[in-house]
Every structure is written in structure tokens, then in C-alpha cells.
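This report looks at how two protein chains meet in a model. Please have the sequence and the structure open while reading.

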Amino acid sequence: MIEVRDLSIQIKGKHITHHIDFTITRGNITSLIGESGSGKSMTVSALLGMLPDDAKVSGSIMYEGRNLLDASDQEMESVRKQDVFTIFQDALNSFNPSVKMGRQLYAFSGERVGDSLPVFNEKMHVILEKLGLSWEVVEQYPFQLSGGMLQRCMIACAFYVEPALLIADEPTSALDMVLQKEFIQLLIRLNEEKGTTIFLITHDLDIVAKAAHEMVVMQQGRIVETGKVETIFSHPGHAYTKRLLKSRF
Amino acid sequence: MKLRKALLFWYSLLGLIVFLTVFSTIFSPYSPNEMNMDEIYSAPSSDHWLGTDHLGRDVFSRLLEGGKVTLVVASGSVILSLFIGIVYGGISGYFGGVIDTVMMRLLEALITIPALIIILVFQVIVQGGMWSMALLIGLTGWLVTARIVRSEFIRLKEEEFIKMANMLGTPVWNILWGHLLRNSIPAIFVVTLFNFAGAIFMEVSLSFLGIGIPPTIPSWGNMLYYAQNDILIGAWWIGLFPGIMIFLTILAINFIGEAWKNPERRRVND
């Protein structure tokens, strides 16, 4: 679905990524794993066309036959709006603190796909119920909800939009263990029920083991290993992957 | 709990002052400019609660009417400075880079000149009444507001929800209005409140110097100006009561502003 080839990102003369190659296959959960500072987030920014202005990029990101790096701002905007849904690390900060949840959920979901408010209310009601959230959340402000609830609200929007690709950038690092598990279950559900392709960025191998089909291991701006999760877990090829696996509890 | 009660007291006091001055025509027993030469310098009594001045005008009536003038000038100037401050600070904070640098250096240059001096110079040119006073105080009072708006915008610009909005292609005006400005309101409110106290103080000082509100219009500053001589002959009531009113109003606003500064108070249901 997305093929990243020879992608190098340079910011102010500093190499963030070196000639990286990986593929996100349709219908799968692909996980990008690596320590902090390994260039994961910048890779995501490149996918979304959201790199800072002073970044130099080379290589290609092929999505449905076109190179996203050459796409115009308008094209990129339509891709971001219609095809991709992104969940960030900190759900609390992903919502405007002074606007009630209902309006924001609408902006993130119904409005994007062009649904009217009544249609949104009806559809969202069902989705929130399915995810174990009460309808009352729409009348509340973000700071009145817990981190887990907010992250579930985000997932609810993803369920609503049914994007071609869901990018989740460290979605669980602000949650406790129980909520992490719940959240991963929801991601798997989204993948199984709607067939959504998910690109999951994380530094937590347990999450990869639980959720992902394929994984990409990144270290200091380079891809050191890619492949099926089971294969890599049973036969890690690179020294860094071995170390990662060893450091698991 | 104790703090809350004290705050409630300041709220009520300010509310009472505003209420009395706004409806001064109803509450004042005499017309503020009605002279009575038979009763000049009469001390506070049941007829004239706060006494009369050198022209036999009722001090209580003038106090209420003068309060209205002072508060209207202060409000007018604060609204003006709020508007300029938000636009200036907003542009500077949102665009950043060279625009921000240039605008901030200019602002710093302006900040170094005391507002009183600028107003003095312009007062010579316009020699204005009430509204030109409001205009002048407003035109010199927006600097701090602009700084606060700028720093709030810079802080908020980096937040994830703004990035989300950008990603979804939210129009710029919507980001400015619905995301940036909306979340800056608590900070802007506090600085505006202090600006309001500052504007009252500015009007009073200018009128006290005799270059503010024209003598025909009563204001708290004007009353103090004319009371200077009266104090020498023992008519303390003419100067004391406007003084107390100015003192209490500014004090109340400062206490309220101080309470709003505390971020815990901003959130009602946390």
C-alpha cells in the first residue's frame, strides 16, 4: 500500500534517516519499532507531508501509484483528510481544551467525510457505545476525561472515518498497562472488523508482539530489519533486534 | 474558603461601585452640576450626605457621575487596547520569524517610553474631551496585551491539537479564532483586568494634573484636582471621597485579577 524507498531526511545538515526502505501492506498491522530519537516520528511526518520547512528529503514514498514527496500541498491535504487518520501520543493534547468533545469529535470524523450533524450523532452514538463510552462524553471538555477515554475517543473517530490507513504514533505511551492492553485490543478490532491498514509506531516490543503482523526495526535512522513478526521474534537477524528481544521481561 | 469569601467581597464591592455609577442619574439626589451659592463648603449632613464643594455642588452626586465618566473612559480605552493588542500580538506570535522579530523590537522600543509622556504630547494636540482621552489611553495601553497574546500563541502553536487541525486542513481563521485565541482567553482576561485598573489610574493622574477630562465634566480625577485647594481651608470631604472610591475600585480590580491569575480558578470542574 505504501512503499518507502531510499528515504533520507536531513534537517539543518543533520541526518535524521539514512536511505530507509520499508513497505506497509494493505490490511495488515505494520509496526515500526525503535528507541527514542531513532527517527520514527520524522518518518511519520514525511509520510504525512508534515516535515518542517527546513527539512531536505530524498527518495520516494509511493502511495497508490504516486510519490507523496512530489505531491502538491493540495493533494497532500486531501490525502491527510480523506485517506489517513493519525492518532498521536498524547490524547489530552490532541483535543482543544476549551471546546466540548462533541464538536471536536464531529470535526475529526463526521465533518471530514461530509456527514451532517444528525447523521454524525446517530453513527457516533453507536460507535461510542461499542467502545464502552457513554454518550455523555460529547457534553464534556477534554480535561474532564481520562487519558484512556480520550484515546478511545480518537479510536472512535477512526472507526467512524474508516480510513484507508491509520497511523498511530506511540498511542499507548501515556497510558497505564491495563489501558494499553485495552487500546491495543481496539486497534486489532479495527483492523479485523473494518480491514483498516494500521501503521503502529512504538518502542514497546510487547505491543508489537500482541498486535502487529509485520515489523520494521529502526536504529539511529537506519532500518536494520524488516519482516513478519513471528519470524523476527524466533530468528532475529540483527544484533540490535537480538538485544531488544533480550531486554524484554 | 476564607479566600473565597474575601474574593466575593471584592466582587460585590466592584459590582456595587459599577452599579451605582451606571445608574447615577437615579441614585444621585442632585444634578451633578447644579450650583447653590447659599450652601458652599457645607460639611456632610443629612441634606448633602458627602457635603458640597466650592460652588455648592453636591459631592455625592458628582462622585457618582464622575465615577461613570472615569469608568467609561477606562472601559473604552481597555476595549481599544485589547483589540490592538490581540491583532498585533496575534500576528507576531502566529507568523513568527522575521515578522515577529521586527514587531517585537518595535514594541520594546515603544515600551521604554512612558505612556504618560506620549499622552501629554498628544493631549496638547487634540486637547480633547472624554472620548479622545479614552482613545489616547487605549492607544498607549496595548503593549502588554500584545506581549501576552504573542507568548500564548507561540506556546499554543506547538500543541498537538493545533498540529491535528493543521493536518486536517482547518482554515487559518478557524485556527486563529477557535484554537489559538479561544485558549488564550484566560491570560488575556487577566491582563485586561489589570489594564483596566491602569486605565483608571491614568485618567485620574491626567485629570489631577489638569490635562485630562475637561473641567466641565466631573470625573474622579477632576474632583481631586479641584479639591487640592479646598483641603487647605479644611473642606476634607471634597477630596477624601473620590480618593476612597479610586482606591477601592483599583484595589478590588487588583484582587480579582490576582485571583484569576491562579490557574486553578480558571477551570470550574476540575
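How many residue pairs are in polar contact between chain A and chain B?

## Polar contacts and charge

The model is predicted. Between chain A and chain B, six residue pairs are in polar contact, both residues being at pLDDT 80 or more. Salt bridges across this interface number zero by the rule used.

## Extent of the interface

The size of an interface is often given as the accessible area lost when the parts come together. Here the area buried between chain A and chain B is about 1700 Å², and carbon and sulfur atoms give 59% of that area. Chain A brings 23 residues to the contact and chain B brings 16 residues.

On the chain A side, the residues that lose the most area to chain B are Phe88(A), Asn96(A) and Phe143(A). Together they account for 29% of what that side buries.

## The side of chain A

Three helices of chain A, H2 (73-83), H3 (91-94) and H4 (101-108), each supply at least two residues of the side that touches chain B. By residue class, this side of chain A divides into 10 nonpolar, seven polar and six charged residues.

## Arg80(A)

Arg80(A) lies in helix H2 of chain A. Not counting residues up to four places away in sequence, Arg80(A) touches Leu48(A), Gly49(A), Met50(A) and Arg112(A) in chain A, and Asn166(B) and Met167(B) in chain B.

Arg80(A) is buried yet has no salt bridge. The nearest side chain of opposite charge is Glu77(A), 4.4 Å away, whereas a salt bridge requires the side-chain nitrogen and the carboxyl oxygen to be within 4 Å.

Conventions: Residues numbered from 1 in each chain as written. Chains lettered and ligands numbered in written order. Predicted model: local features only at pLDDT ≥ 70, side-chain atom pairs only at ≥ 80, totals over all residues. Heavy atoms only, no water. Contact = heavy atoms within 4.5 Å. Buried area = accessible area lost by both parts, 1.4 Å probe. Polar contact = N/O pair within 3.5 Å; in protein donor to acceptor, adjacent residues only side chain to side chain. Helix = DSSP H or I, 4+ residues; strand = E, 2+ residues; numbered from the N terminus. Nonpolar A, V, L, I, M, F, W, Y, C, P; charged D, E, K, R; others polar. Buried < 20%, exposed > 50% of the residue type's maximum accessible area, 1.4 Å probe, protein only. Lys, Arg positive; Asp, Glu negative; His and termini not counted.
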